[in-house]
Amino acid sequence: MNKEKVIVIGSGPAGLTAAIYAARATLDPLVIVGNQLGGQISITAEVENYPGFPEPDLTGPDLVDRMYRQAERFGSRFDYDEVIDVDFSKGSPFTVKTNSNEYETEAVIVTAGASPRRLGVPGEEDFIGRGVSFCATCDGFFFRGRDVVVVGGGDSALEEGLFLTKFANKVNIIHRRDELRAGPTLEKRARANEKIDFIFDSVVDEVIGNGMVTAVQTSNLKTGETNRLSTDGVFIYIGHYPNSKFLEGHLAMDEHGYVIADEKMRTSVEGIFAAGEIQDSYFRQIATSVGQGCAAAIQCEKWLSERE
Ligand code: NAP
């Protein structure tokens, strides 16, 4: 079995920050990257609110690359695999299993993040990659001159809807209420964009297509009226769920599956720390995840040195 001092599970802003701090504290961290280096920001088109980057052209992948290079510079190592199981039951050292390795580690920082929530309607799964997308940055280009719908009324829906106007002919934003959840700046920009129309009080009941998406079936929650809206693409931005399945039964979680951590990022098991969206369903910002990743690594280092 490979022996490690600190394993960071996940490589989003929280994980990469924890790696930077752990590496600078000479803990020689191993980052188990997960599905995608950078996590959710690797599929974020524009990052406008991360302090220190006043220019309007910072993309999510740029920021990931910067954080990754910084973590690597101080000696963090990366295993491009996913964690499939853990054993925290006997205390430190803990066991962490990936698809191809098994590790024994003195401490763990869990930063496995969250994933986009699905609508759960007929056609959604069938047309993923054939018109249904959760990533405007990845797929927007394919909708040049086409019509798309965006589902959701939060910051993500509006931000990615605005990004899609660079390619699409028309962007219909379908939201289940008549009031947006998104902040006023994004709302103002979206309402001023001629390519964007809002369809309020409505939900998507079905994604329809023939090999590729051709339409969505919507219904108005106030009037009950149904409508078939022709579209080439469906971009879904209705929130997230924590990637905590592999931790079930190993760490205390809330009723939505978010790991419970205290103000020092300590979980229910001594020696296991958590940071970022795996334990934060409320703030969910790059800046807050970075702060939590930093705090988790500092606390982890303190815990390890007190034991020694
Ligand atoms: P969110 O704020 O949770 O918004 C999710 C949206 O999807 C809401 O409008 C919600 O409707 C709708 N929704 C949820 N379940 C649905 C369903 N089953 N069917 C139809 N609609 C559904 O998620 P988010 O937009 O991804 O943002 C997450 C966090 O990241 C927020 O804190 C946000 O401020 C932050 N963020 C910030 C920025 C920025 O500042 N530039 C950019 C992106 C994200 P209701 O409104 O009716 O609940």
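I call a residue buried under 20% relative accessible area, exposed over 50%, and partly exposed in between (1.4 Å probe, protein chains only). This is a predicted model, where local features need pLDDT of at least 70, side-chain atom pairs count only at pLDDT 80 or more, and totals for chains, interfaces and linings use all residues. Residues are numbered from 1 along each chain as its sequence is written, and side-chain values use heavy atoms, with hydrogens and water left out.

**Salt bridges.** I took a salt bridge as a side-chain nitrogen of Lys or Arg within 4 Å of a carboxyl oxygen of Asp or Glu. The structure has 18 of them. Helices (H or I, at least four residues) and strands (E, at least two) are DSSP runs, numbered from the N terminus.

I looked up E106 and found it paired with R307, with the closest N and O atoms 3.9 Å apart. E106 sits in strand 6 (residues 102–110) and R307 in helix 6, 201 residues apart, so the pair links distant parts of the chain. E106 is partly exposed because its relative accessibility is 26%; R307, at 43%, is partly exposed as well.

I then checked E187 and R191, whose side chains form a salt bridge at 2.8 Å, N to O. They are four residues apart in helix 5, and so are separated by about one helical turn. E187 has a relative accessible area of 22% and therefore counts as partly exposed. R191 is partly exposed at 46%. I also noted that salt bridges with shared partners join K5, E106, R307 and E308 into one network.

The E46 and K166 side chains meet at 3.1 Å, N to O. This pair also links distant parts of the chain: E46 is in the loop between strand 2 (30–32) and helix 2 (60–73), and K166 in the loop between helix 4 and strand 10, 120 residues apart. K166 is exposed because its relative accessible area is 54%.

**Helix 4.** Which residues are buried in helix 4? I found A157, L158, E160, G161, L162, F163 and L164; that is seven of the 10 residues in 155–164. Their cover includes helix 3 (136–139), strand 9 (147–151) and helix 5, among others.

**S289.** I placed S289 in helix 6 (residues 286–307). S289 is buried because its relative accessibility is 5%. Counting contact as heavy atoms within 4.5 Å, and not counting residues up to four places away in sequence, S289 touches P13, A14, G276 and E277.
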